[in-house]
Structure formats: C-alpha cells, structure tokens
Amino acid sequence: MADHEYDSNYLLDNRQSEAGTRFGALAELFDPVTFRHVDRLGVGAGMRCWEVGAGGPSLPLGLAERVGPTGSVLATDIDVSWTRDVADGVIEVRTHDVAADPPPAPPGGFDLVHARLVLVHIADRAEALRRMVQALKPGGWLLLEDADPMLVPQLCPDESGPGQRLANRLRSAFRTLMAERGADLAYGRTLPRTLREAGLTGVQADAYFPITSPACAVLEDATVRQVRHHLVDRGLATDEEIDHHLANVAAGGLDLGTAPMVSAWGQRP
C-alpha cells in the first residue's frame, strides 16, 4: 500500500526498490493460502473482484486467471507502482485510498472483495472495512487476511543462540516502529468478530504461520533494509547490529518465521 500524496506514516514505502523484493517473497509465502480460500469461495468465470491494496502483481493476476475474459478484477492501492503494468482487458489498476475514497463498486457490486496485509497498517480500519462491505453485492464474499505479530512475536521461535536473540530483538524494534505509526499488532485475531459485527454471515477463519522457508529469509532481508534508517535514527539498533543480523540471515543458519496471517471470510446477506 502507498498513498496519493505518500503517507509518511507508512513504514514500508512502496517507492523503495526493496518493496518489489518484499512483494515477491510475500507472494511465494502466502499466495497458496490466499488462493486456497479464493477457490473455496467459488470465485470463477465472469465474476467481479476488487483487490484492495494490491501491492504487487500476483494477486490481481491470479484472480484474473479465475474470472477469465468475461470477468473483471479491479486492483487498487494508494501507490500502484508495482501493479500498473498488469492492466489489461480484465484487470483495471486504479489509485485509490480505501479509507478515504468512495467504494469503486460496479453496478450490482463485487462478487469478491479481498485485502491482504492491508488493514493492519490503516489508522481508520473501521471505515475501510465499512467501505469494502458496502462494495459487495448481496451474496458477495469479503476475504480479509492480516497479520497478528503479537500471536507469535519472535522472528526466531527457537531462540537457541546469540544470532537468534539478535534477530528477535530487532523484530521487537520493528514492532515498535509499526506501533508508533498506528499499526494494530493484535489485529489479525479480531477479524472473525469484526466481520460478524459488520453484518456478514457464514464467517470462518484460519491462520498460517511459516517458520522456515527461503522466502522468509528474502522477506526479512528486504524488510530490514527498508527500515534500517528508522531503526538507527530511533536508537533501536546500531548499524553494526543490523549488518551482523543481515549476515546471519544470508548465512542461512536461522530458522526465520513470519507473523501469523489470519484469514477470515464472510458473506453479505
């Protein structure tokens, strides 16, 4: 996610080169989970989908494969740097702030509205959710997927040595930066209740938590490089500590995880 006039509170700036690396790693880690849910909800030919805070290209492209030439996918973000090139006859890419702009609903509404790792970063999460629900057609599905860093706060759950302890300390510092910018670090677990309170029916949820994957290391490296100046400027870490951690990540001896991603879905009556 990014902004019309870029949101200075957003920690992971899409305009940085590392953003593309992060999007690739997130796609490798979480696309199988997301599309398992999308397929379970019956998204198929001719349907209309809205991908909120699309970030990278993988989600709009995967949805377009499912809805085919008779369907449509609207991919929105407040910075569309990484998605603008996938626009075609099925995929429309539009600059849009889900918490501030009117819902871009087609006549009759969307069959599916999906947002992944978006709402945790938005200050006015309730308003963004209201607009997404408003954009659904009767019978349409809202699928929200968001992180819950406080469910498993460690980057290395198996804190077996100094490298793991350093990794976990830097992850704690990263959470501090996120919280200072309004992120709700326990948001993921609230999604089922949030969807029910929004009036949706048939609400279900699950969670996914990778502990060790090459993509976890790629994601960690890119994330730390994106935020290192914030960590140093705030006195949360030194350049030497960050360089040591990045070397440990590159060496491959750390079992790196991610924050659990909670997926929750519900249907508009």
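Two strands are taken to pair if DSSP finds at least two bridges between them. Helices (H or I, at least four residues) and strands (E, at least two) are DSSP runs, numbered from the N terminus. The model is predicted: local features need pLDDT of at least 70, side-chain atom pairs count only at pLDDT 80 or more, and totals for chains, interfaces and linings use all residues. Residues are numbered from 1 along each chain as its sequence is written, and side-chain values use heavy atoms, with hydrogens and water left out.

**View 1. Strands E1 and E4 within the open sheet.** Strand E1 (residues 48-52) is paired with strand E4 (residues 110-116) in the parallel sense, over 4 bridges. Glutamate 51 has histidine 114 of E4 as its bridge partner. The open sheet comprises 7 strands in the order E3-E2-E1-E4-E5-E7-E6, with mixed pairing. Strand E3 (91-95) and strand E6 (201-208) are at the edges and have a single partner strand each, so one side of each lacks a neighbour in the sheet.

**View 2. The loop between E4 and H3, and helix H3.** Leucine 117 is located in the loop between E4 and H3. Its phi is near 55 degrees, a positive value in a residue other than glycine. Helix H3 (residues 125-134) lies across E1, E4 and strand E5 (136-147), where contact means heavy atoms within 4.5 Å. H3 runs at about 145 degrees to E5; axes are lines fitted to C-alpha atoms, for helices over the stretch in contact, and angles run from 0 to 180 degrees between N-to-C directions.

**View 3. The bend of helix H1.** Helix H1 (residues 18-40) bends by about 55 degrees at phenylalanine 30, the bend being the angle between axes fitted to the seven residues ending there and the seven starting there. A proline, proline 32, follows within four residues. Just after H1, glycine 42 adopts a positive phi of about 85 degrees.

**View 4. Packing of H1 against H6.** The axes of H1 and helix H6 (residues 214-233) come within 9 Å and cross at roughly 150 degrees. H1 is therefore roughly antiparallel to H6, a term for angles over 145 degrees. Residues in the contact include Ala25 and Leu29 of H1 and Ala215 and Leu219 of H6.

**View 5. Packing of H4 against H6.** Helix H4 (residues 162-180) packs with H6 at an angle of about 65 degrees, the axes being 11 Å apart. Arg171, Ala173, Phe174 and Leu177 in H4 meet Glu220, Thr223, Val227, His230 and Leu231 in H6.

Definitions and conventions. Expected span 1.5 Å × (residues − 1). Parallel < 35°, antiparallel > 145°, perpendicular 65-115°, else oblique.
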